[in-house]
Amino acid sequence: MMDKEQILDILKQVIYPNFQKDIVSFGFVKEIDTSTQPISISLSIPSSSSEITAKLGQDILRALKPHGIKNANINISTPQPAPKPEPKTKNLAPHIKHFVMISSGKGGVGKSTTSVNIAIALAQQGKKVGLLDADIYGPNIPRMLGLNANRAAIDENAKKVIPLRAYGIEMISIGVLYDEGQSLIWRGPMVMRAIEQMLTDVLWSELDVLVIDMPPGTGDAQLTFAQSVPVSAGVVVTTPQKVSLDDSARSLDMFSKLNVPIAGVIENMSVFVCPNCGHEYEIFGKSTVDSLAQSYGSALIAQIPLEPKIREGGDEGKPIVFFEPQSKSAQGYLKAASTLVEFLQKVDSQKLADNASIQPR
């Protein structure tokens, strides 16, 4: 009869679905009982997906079979989340109705391009929209809007920065407050202070939505925003590669821990569309984003192909949603914006219900 260590070695061959690490390395194997027949294996995983649970059970039995173990009691559970504490969130910009964080686990996945086109798509649906470029170290939004040669002016009466306007939206960025190409070698506290000032010292209008293009990762900037304003929705941008999905899982987990409602995941570069023949190629692999989103109670809300027009639009300050609205990419961004509007309406409805429940009778 095999002992626990031998069985644990076998389980190191079982890869957690949609990731590259095994269930032992993740720490999902909680107990192995060899005193019973058949043996018993208990796991605790973060996903409540029945598909992932079923596949794990099959993969474990398949790994054990060559070692003479034809059957096993496999118990897979999902730990119940601890009650979420009441968020200790101030609101530095109470005249803005909704704050939407656009985030990514890593750079280079098209987060800023997504932020620009989502913001414009929301404006085209009649919303008053602002776009805050919070990517302090890589402020690309001004160029993508054709504003990189501009500098923000100051309202002398209000003593506040006046946001620039383009394509029906307001925008502010470190890129229009400092000389173009100037490096910002700032520590965390300086970044946090800059973010707070872009909320309080900018003359934002009475906006329906402020879209926030976050820096990649899960650090000071994300925590500062979550503690400075009541964020209505978080959107994660990723690409089909597994290395990108690993980082996206961290972004989704960050939103969960910060009590930010997850509106969905947008997959960029889902396929490459040949500009000559229109044929689609999955150059970054087959998508598994949907299952990742579902494991965090969210959904894949758009798949944006890799098209030369997107890159050209970003370089030339001509966003594809505005200049090529019938393109497949633009249609994807418009669909994501519509889904986001529906999500924010649900957030509003929930707030009304919560307020009604605490009113004195």
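## A covered strand

Both faces of strand β4 are covered: on one side His98, Val100 and Ile102 are buried, and on the other Phe99, Met101 and Ser103 are buried as well. The model is a predicted one. Since six of the six residues of β4 (residues 98-103) are buried, the strand is largely enclosed by the rest of the structure.

β4 has two strand partners described here. Strand β10 (residues 209-213) runs parallel to β4 and is joined to it by five bridges. Within this pairing, isoleucine 102 stands opposite aspartate 213 of β10. Strand β11 (residues 233-238) also runs parallel to β4, with four bridges between the two. Here the bridge partner of methionine 101 is glycine 234 in β11.

## The chain as a whole

The protein chain holds 11 helices and 14 strands. Its C-alpha atoms fill a box of roughly 80 × 65 × 40 Å along the principal axes. Of the 361 residues in the chain, 47% are buried. Among contacts with a separation of 6 or more, 74% are between residues 24 or more positions apart.

How many cavities of 30 Å³ or more does the chain contain? The count comes to two.

| Space | Volume |
|---|---|
| Largest cavity | about 60 Å³ |
| Second largest cavity | about 30 Å³ |
| Largest pocket | about 970 Å³ |

The lining of the largest cavity consists of Thr113, Val116, Asn117, Met144, Ile310, Gly313, Gly314, Lys318, Pro319 and Ile320. Helices α3 (111-124) and α9 (308-316) each supply at least two residues of this lining. By type, the lining residues of the largest cavity are five nonpolar, four polar and one charged.

The second largest cavity is lined by Ile102, Ile118, Val235, Ile266, Ile301, Ala336 and Leu340. One of these residues, Ile102, is also among the buried residues of β4. The lining of the second largest cavity divides into seven nonpolar residues, no polar and no charged.

The largest pocket is lined by 34 residues, and Pro46, Asp253, Ser256, Ser295 and Tyr296 are those nearest its centre. The elements giving two or more residues to this lining are α7 (242-257) and α8 (289-295). Helix α8 gives the most, with four residues. The lining of the largest pocket divides into 16 nonpolar, 13 polar and five charged residues.

Asparagine 268 belongs to strand β12 (residues 262-273). Is asparagine 268 buried or exposed? With a relative accessible area of 4%, asparagine 268 falls under the 20% limit and therefore counts as buried. The side chain of asparagine 268 reaches the backbone oxygen of glycine 110 at 3.1 Å. Leaving out residues up to four places away in sequence, asparagine 268 touches Val109, Gly110, Lys111, Thr114, Val237, Thr238, Thr239, Pro240, Ile304 and Tyr333.

Serine 44 lies in strand β2 (residues 39-44). Its relative accessible area is 17%, so serine 44 is also classed as buried, the limit being under 20%. Not counting residues up to four places away in sequence, serine 44 touches Phe28, Lys30, Ser77 and Pro79.

Asparagine 73 is found in strand β3 (residues 72-77). Asparagine 73 has a relative accessible area of 39% and is partly exposed, because this value lies between the limits of 20% and 50%. With residues up to four places away in sequence left out, asparagine 73 touches Pro38, Ile39, Ser40 and Ile41. Asparagine 73 and leucine 61 are 12 residues apart in sequence, and their C-alpha atoms are 9.6 Å apart in space.

Conventions: Residues are numbered from 1 along each chain as its sequence is written. This is a predicted model: local features need pLDDT of at least 70, side-chain atom pairs count only at pLDDT 80 or more; totals for chains, interfaces and linings use all residues. Side-chain values use heavy atoms; hydrogens and water are left out. Buried means under 20% relative accessible area, exposed over 50%, partly exposed in between (1.4 Å probe, protein chains only). Two strands pair if DSSP finds at least two bridges between them. On a 1 Å grid over the protein atoms alone, a cavity is a set of points where a 1.4 Å probe fits but cannot get out, and a pocket is an open set with protein on both sides within 12 Å along at least five of seven lines; lining residues have an atom within 4 Å of a point. Grid points are joined across faces, edges and corners, and a volume is the space filled by probe spheres set on the points. Ala, Val, Leu, Ile, Met, Phe, Trp, Tyr, Cys and Pro count as nonpolar, Asp, Glu, Lys and Arg as charged, and the others, Gly among them, as polar. A polar contact is a pair of N or O atoms within 3.5 Å; within protein, one must be able to donate a hydrogen and the other to accept it, and residues adjacent in sequence count only if both atoms are side-chain atoms. Contact means heavy atoms within 4.5 Å.
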